[in-house]
Amino acid sequence: MRLFLICVTAVCLGISCKNASENISPASSTAVPEVYSKIYGATSITNDGTYITIKTTGVPDHKSAYFASTSAQYEAFTGKTFGGNNFAKNPNSISAQSFTFKIPVNPQVDAAHKATPLGPIGVALNGVPLFNQYAGPSQPLTNEVNGFDQYWGHPQQTGSYHYHVEPLYLTLVKVSKSSLLGFLLDGFPVYGPEEGGQVVQNTSLDAYHGHTHSTTEYPNGIYHYHITSTDPYINGSGFYGSAGTVSQ
């Protein structure tokens, strides 16, 4: 009888009559939308109801000529890289970082379309940062593209590996050229250089390098960016939406 009364009281209070040893999620936690599970390179992903917080080391999950020669991920490279350029290794080496990306749960268009900064402007599925189309302030990538490794990324002076262009390991090995590849800081998704079996042309995209329609992950439609093979590659004249933050 006593056990029955306890259960009745629990129901009256809106509490499930589960074993007391079972964990109950704190009221402050919010489920992370399923789409973010595709970011397999994150060390953690959480949702506070306003921002999705994605933490990564930024270390790629593929081989590179920029790993130390003693690393299992080191692979020598002397071939052609992005744009048919002959690879010329820069003096930097890949090292683990501590990135915290905070992107809006519900991305919204920003009429100001603020310019993307130098440094990380988004995150790829493997946890590697995405950078914009500049090598420095208003400096094109012309003098840097020959330093892109066999998967079209490279590290900067601090050892932070990143992609300015198509993340070739993702589009050739992990997913496909038409797949979701990551998110920019404004929360809008980034897709590959193909759509509906066709190569995406810059002329089919707006000034921010995107457009709106349904995708596999967003059947009701969403604004999304496309990575293409020519400048501005990932993003055009600023973020389409209100950007979150990234810190190290």
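Reply: A nonpolar core here is a set of buried Ala, Val, Leu, Ile, Met, Phe, Trp, Tyr and Cys residues joined through side-chain atoms within 4.5 Å. Buried means under 20% relative accessible area, exposed means over 50%, and partly exposed lies in between (1.4 Å probe, protein chains only).

Some ground rules. The model is predicted, so local features need pLDDT of at least 70 and side-chain atom pairs count only at pLDDT 80 or more, while totals for chains, interfaces and linings use all residues. Residues are numbered from 1 along each chain as its sequence is written, and side-chain values use heavy atoms, leaving out hydrogens and water.

Confidence (pLDDT, the predictor's score for each residue, 0 to 100) averages 90 over the protein, with 88% of the residues at 70 or better. A contact is a pair with heavy atoms within 4.5 Å.

Now the core itself. The largest one holds 50 residues, and Leu130, Phe183, Leu184 and Tyr225 touch the most other members. Elements giving it two or more residues are strand 2, strand 3, strand 4 (122-124), helix 2 (168-174), strand 10 (180-184), strand 11 (189-191) and strand 15 (222-226). Strand 10 has the largest share, with 4 residues. These elements are DSSP runs numbered from the N terminus: helices are H or I of at least four residues, strands E of at least two.

Zoom in on Phe183. Beyond four places in sequence, Phe183 touches Val35, Tyr36, Ile39, Ile103, Gly122, Val123, Leu130, Phe188, Pro189, Val190 and Tyr218. As general background, nonpolar side chains tend to be buried together in soluble globular proteins.

Lys174 counts as partly exposed because its relative accessible area is 41%. Past its neighbours within four places, Lys174 contacts Tyr40, Asp61 and Tyr169. Its C-alpha is 9.3 Å from that of Asn126, 48 residues away in sequence.

Then there's Ala96, in the loop between strand 2 (51-56) and strand 3 (99-104). Ala96 has 57% relative accessibility, so Ala96 counts as exposed. Leaving out residues up to four places away, Ala96 touches Thr57 and Val59. Thr158 is 62 residues from Ala96 along the chain, and their C-alpha atoms are 9.6 Å apart.
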